[in-house]
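Please open the model in your viewer and keep the selection tool at hand. The tour moves from one selection to the next and says at each stop what is there.

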Amino acid sequence: MSRRQPVVGILGGGQLARMLVLAGAPLGVNFVVVDGSPDACAGQVAPLRVADWRDTDSLARFAAEVDVVTFDFENVPAETAEWLSGRVPVYPNPAALTVAQDRVTEKTVFRGIGLETPAFAAVATRAELDAAVVVTGLPAILKTRRLGYDGKGQFRLRAPTDLDAAWAALGPQAEPHGLVLEAFVPFTRELSVLAARGRAGEFRAWPLTRNWHHEGILALSQAPAAADAALAAAAIARARALAERLDYVGVLALELFEHGGRLLGNEMAPRVHNSGHWTLEGAVTSQFENHIRAVLGWPLGDTALCANSLMFNWIGSLPEPAAAALALPGVHWHDYGKAPRPGRKVGHATVCARDDATLAARAGDMARVLARAEQLAPARAVLPEVWAPCPERAPAAAR
Ligand code: AMP
């Protein structure tokens, strides 16, 4: 490491940038964050430059301030990333970003590395929607090819009579980037691989994570996902092949469906990812620290598990009473410093324990103290068995 403290520039100033900054600080790394909003929550922990992605004067000043540029947000225009890469190293490279921005390109790359995907077909017109259904069958999901996140820009089709409604909902968004129709996968589980690749090709993956979504938004993540060794190895091998195919530098997330013992690629995130938040307390090195190490060309840290973990997303607003949850053993609380707004990710909690039985008991204790909090509803909807006897169960002190 050089004596001068390196400066990492981050495009996007949300909670991911905030957690990158917090993870980089102990390593002596400084940051500058760019976002279009003066309220971007990473601005509470690092200098924030408010700029439009196409404002090249501001971008030039930003490029002059930093040693390397990375992202907390994959929908930064590819042209912005390209423009910056002519002035300062940009990781992951803009080409990888471009692949991840388009669901059709992304799935085509998945197939190219031998990762199966749900049947899919690009759709630009109403007639192409009819043709696409022949490829995917029903049920299926119509999605925007670009700019969709947290289940936004998606429409589920169950019967041929849904085609008109699907087109009415998303047809107006078919311009300019198009739509994609995907076969609906009745998956057994959703899994993600979080992995880091360094500038010289060093590769490390965290233990497989299991995810539960509610209404398209991640509600819960559990690590390690109980998976047989062959399945976990296959998932990690696909992530490695993907990272190598894209000459990727940094942390990426590969989201998978497990169906009938097979793994199908859903999508990739060319950045640190919500399903890896548990690594802050549950792994030797977090996804945030390893991303910073990777983009600076430093050795990657150990990705081994140090605690079984269950991560709860707080959507809309933070649950109360936070202090009661904080008092519980194994509960780690994260408040992103964002104003409450329906559907917005404003924080998370990770519950950690040495074994799954203790983890379930601790999660039940947290559910009990937050019993009145509506923010637990998505987690309860997807995994009721963890706190089934809750809130009537015996208090923690009685165990
Ligand atoms: P996405 O933004 O594509 O990751 O979609 C959000 C969530 O919707 C996923 O994590 C799944 O829970 C669900 N989903 C998306 N695509 C499919 C699919 N083809 N089959 C089944 N569920 C899906």
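Begin by selecting Thr209 and Trp278, whose side chains make a polar contact at 3.0 Å; a polar contact here is a pair of N or O atoms within 3.5 Å, where within protein one atom must be able to donate a hydrogen and the other to accept it, and where residues adjacent in sequence count only if both atoms are side-chain atoms. Thr209 belongs to strand E11, residues 209–214, and strands (E, at least two residues) and helices (H or I, at least four) are DSSP runs numbered from the N terminus. With a relative accessibility of 0%, Thr209 counts as buried, a word used for under 20% relative accessible area, while exposed means over 50% and partly exposed lies in between, all with a 1.4 Å probe and protein chains only.

Before you go on, note that this is a predicted model, in which local features need pLDDT of at least 70 and side-chain atom pairs count only at pLDDT 80 or more, whereas totals for chains, interfaces and linings use all residues. Residues are numbered from 1 along each chain as its sequence is written, and side-chain values use heavy atoms, with hydrogens and water left out.

**The domains and the ligand**

Colour the chain next by its three parts, which are domain 1 (7–90), domain 2 (119–183) and domain 3 (189–398), with bounds that come from an automatic or database domain assignment. The C-alpha centres of domain 1 and domain 2 are 34 Å apart.

Now select the ligand: between which domains does it lie? Domain 2 and domain 3 both give residues to the shell around the ligand, so the ligand lies between these two. Of the 16 residues around it, those that come nearest are Arg103, Lys143, Val185, Glu190 and Glu267, where a residue is near if one of its heavy atoms lies within 4 Å. By class, this shell has six nonpolar, four polar and six charged residues; Ala, Val, Leu, Ile, Met, Phe, Trp, Tyr, Cys and Pro count as nonpolar, Asp, Glu, Lys and Arg as charged, and the others, Gly among them, as polar.

A nitrogen atom of the ligand is 2.8 Å from a polar backbone atom of Val185, and a polar side-chain atom of Glu182 lies 3.2 Å from a ligand nitrogen atom. An oxygen atom of the ligand has a polar side-chain atom of Asn266 at 2.9 Å. Taken alone, the ligand exposes 470 Å², of which the protein buries 96%, with accessible areas from the Shrake-Rupley method and a 1.4 Å probe, and with only the protein chains shown counted as cover for residues. The elements that give two or more residues to the shell are strands E6 (140–144), E7 (154–157), E8 (179–183) and E14 (262–269).

Lys107 sits in helix H5, residues 103–112, and counts as buried at 0% relative accessibility.

**Aromatic pairs**

Select the aromatic rings next, among which a search of the whole structure finds five pairs; rings of Phe, Tyr and Trp (its six-membered ring) pair if their centres lie within 6.5 Å, and planes under 30 degrees apart count as stacked, over 60 as edge-to-face and the rest as tilted. Trp53 and Phe73 have ring centres 6.5 Å apart and planes at 20 degrees, so this pair is stacked. Trp53 is buried at 17% relative accessibility, whereas Phe73 is partly exposed at 33%.

Move on to Phe187 and Phe257, which are also stacked, with centres 5.1 Å apart and planes at 0 degrees. Phe187 lies in the loop between E8 and strand E9 (189–197) and Phe257 in strand E13 (residues 250–259), so the pair ties together parts that are 70 residues apart in sequence. Finish with Phe312, Trp314, Trp333 and Trp387, which ring pairs link into a cluster.

**Backbone details**

Show the backbone at Tyr91 and Pro92, which are joined by a cis peptide bond with omega of about -5 degrees. The bond from Ala223 to Pro224 is cis too, with omega near 0 degrees. As a last stop, select Glu215, which has a positive phi of about 50 degrees although it is not a glycine, and which lies in the loop between E11 and E12. Glu215 is exposed, with a relative accessible area of 70%.
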